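Student: Hi! Could you walk me through this protein, one piece at a time?

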Amino acid sequence: MVIKSLRHKAPSFKKLIEYIANGSEERQILTRNLRSTTMQGIVNEYYHNDQFRSNYSKTLLYHTILSFSPDDTPLITDEMIYDLTNKYIDLRNPNALTFAAIHKDTNHYHVHVALSGCERNSSKVLRLDDKQFWQIRQDLEAYQKEKYPQLLHSLVYLGKERGRKNSRTRDRNTRKEKEYQRSVRTKAPSEKEQLTEVLSKAYASSFSREEFYQHLENEGLELYHRNGQTVGVRGKRKYRFSTLGFSQEKFEVLDRTAQRWEHEKNLAQEVDEQELEW
């Protein structure tokens, strides 16, 4: 799954908690280290706990989003999501105040998690460096792969090195015979296979068409256009996205995801810029 984390440096507890809870059924809400049963009571607990936070840390709140691939949606149950969310919390910090909820308003299920900036009644902060957070992503996916192997499309980080391209796993039984024989002779994957792999990685890490295109350009690929539309990439020859397995439906998923993320980004910006008075 794609795991993203936003830091809040303004006291945005109320707005974030209400946003996470909005539209979620009561049974789809998960809490940890919270005693209150009302929204206001939960918000007050976050404010109270923040008084223990060490002054050197400026992060009051962590907003994490766990997103599953839309291709796995028919296979996902609430129980799976709860289990994986709980596992993430255990890996991230089981002593933090946690308020989480499942959102199903798009065709890819996702979970919003609000984590306090410090552990419950402690000055110990939740800050992680990039290497530590990358390890959590991989550990969570290892757990997911072992317990829910059917969620094939929601594996993003497993087996990859942070900031480097991962080695390619070959399975000759799924290749076309012609391409497989060529790879045996040349000891290298075909250009089409290479491009498909690059596009798959870029798609898994993108939340909009623009981000997808940018990932491809960052990999050194040249986009090509037809009638004002971006329709493929150039290798030794032109390859349409549809030829590489990327249909219009996949791009429509990115469009809807981009709208959702734009809303979340605006919310994050708004809460970071406001000072709440209590």
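Tutor: Happy to. Let's start with a pair of helices: the crossing of H1 and H2 is right-handed. The residues that make this contact are Phe 13, Lys 14, Ile 17 and Ala 21 on the H1 side, and Met 39, Gln 40, Ile 42, Val 43, Tyr 46, Tyr 47 and Asp 50 on the H2 side. Keep in mind that this is a predicted model.

Student: Okay, at what angle do H1 and H2 pack, and how far apart are their axes?

Tutor: Helix H1 covers residues 13-21 and helix H2 covers residues 39-50; they pack at an angle of about 140°, and their axes are 9 Å apart.

Student: What word describes how H1 and H2 lie to each other, and why?

Tutor: They are oblique to each other. Roughly antiparallel would need an angle over 145 degrees, and the angle here is about 140°.

Student: Got it. Zooming out, how many helices and strands are there in the protein?

Tutor: The protein has eight helices and eight strands.

Student: And what share of the residues is buried?

Tutor: Of the 278 residues in the protein, 47% are buried. As for the surface, the protein exposes about 15500 Å², and carbon and sulfur atoms supply 45% of that area.

Student: New topic: salt bridges. How many are there?

Tutor: The count comes to eight salt bridges. The general idea is that side chains of opposite charge can pair when their charged atoms come close.

Student: Asp 50 was in that helix contact list. Which residue does Asp 50 form a salt bridge with?

Tutor: Its partner is Arg 53, and the closest N and O atoms of the two are 2.7 Å apart.

Student: Which residue meets Glu 119 in a salt bridge?

Tutor: That would be Lys 124, with an N to O distance of 3.9 Å. Glu 119 has a relative accessibility of 11%, so it counts as buried.

Student: What is Ala 100 in contact with?

Tutor: Leaving out neighbours within four places in sequence, the contacts of Ala 100 include Ile 20, Leu 30, Thr 85 and Val 113. Ala 100 and Val 113 are 13 residues apart along the chain, and their C-alpha atoms are separated by 4.2 Å.

Student: And Lys 238, where does that one lie?

Tutor: Lys 238 is in strand E8 (residues 238-240). Lys 238 is partly exposed, at 43% relative accessible area. Not counting residues up to four places away, Lys 238 touches Tyr 224 and Val 233. Between Lys 238 and Glu 222, 16 residues apart in sequence, the C-alpha to C-alpha distance is 9.7 Å.

Student: Last one: which residues have a positive phi although they are not glycine?

Tutor: Have a look at Asn 33, with a phi of about 65°, and Asn 121, with a phi of about 55°. Asn 33 is in the loop between strand E2 (29-32) and H2, while Asn 121 is in the loop between strand E5 (110-119) and helix H4 (130-147).

Student: How exposed are they?

Tutor: Asn 33 is partly exposed with a relative accessible area of 28%, and Asn 121 is partly exposed with 40%.

Key. Residues numbered from 1 in each chain as written. Predicted model: local features only at pLDDT ≥ 70, side-chain atom pairs only at ≥ 80, totals over all residues. Heavy atoms only, no water. Salt bridge = Lys/Arg side-chain N within 4 Å of Asp/Glu carboxyl O. Buried < 20%, exposed > 50% of the residue type's maximum accessible area, 1.4 Å probe, protein only. Helix = DSSP H or I, 4+ residues; strand = E, 2+ residues; numbered from the N terminus. Areas by Shrake-Rupley, 256 points an atom, 1.4 Å probe, with all protein chains shown as cover. Axes fitted to C-alpha atoms, helices over the stretch in contact; angles between N-to-C directions. Parallel < 35°, antiparallel > 145°, perpendicular 65-115°, else oblique. Left-handed = near helix turned anticlockwise from the far one by under 90°. Contact = heavy atoms within 4.5 Å.
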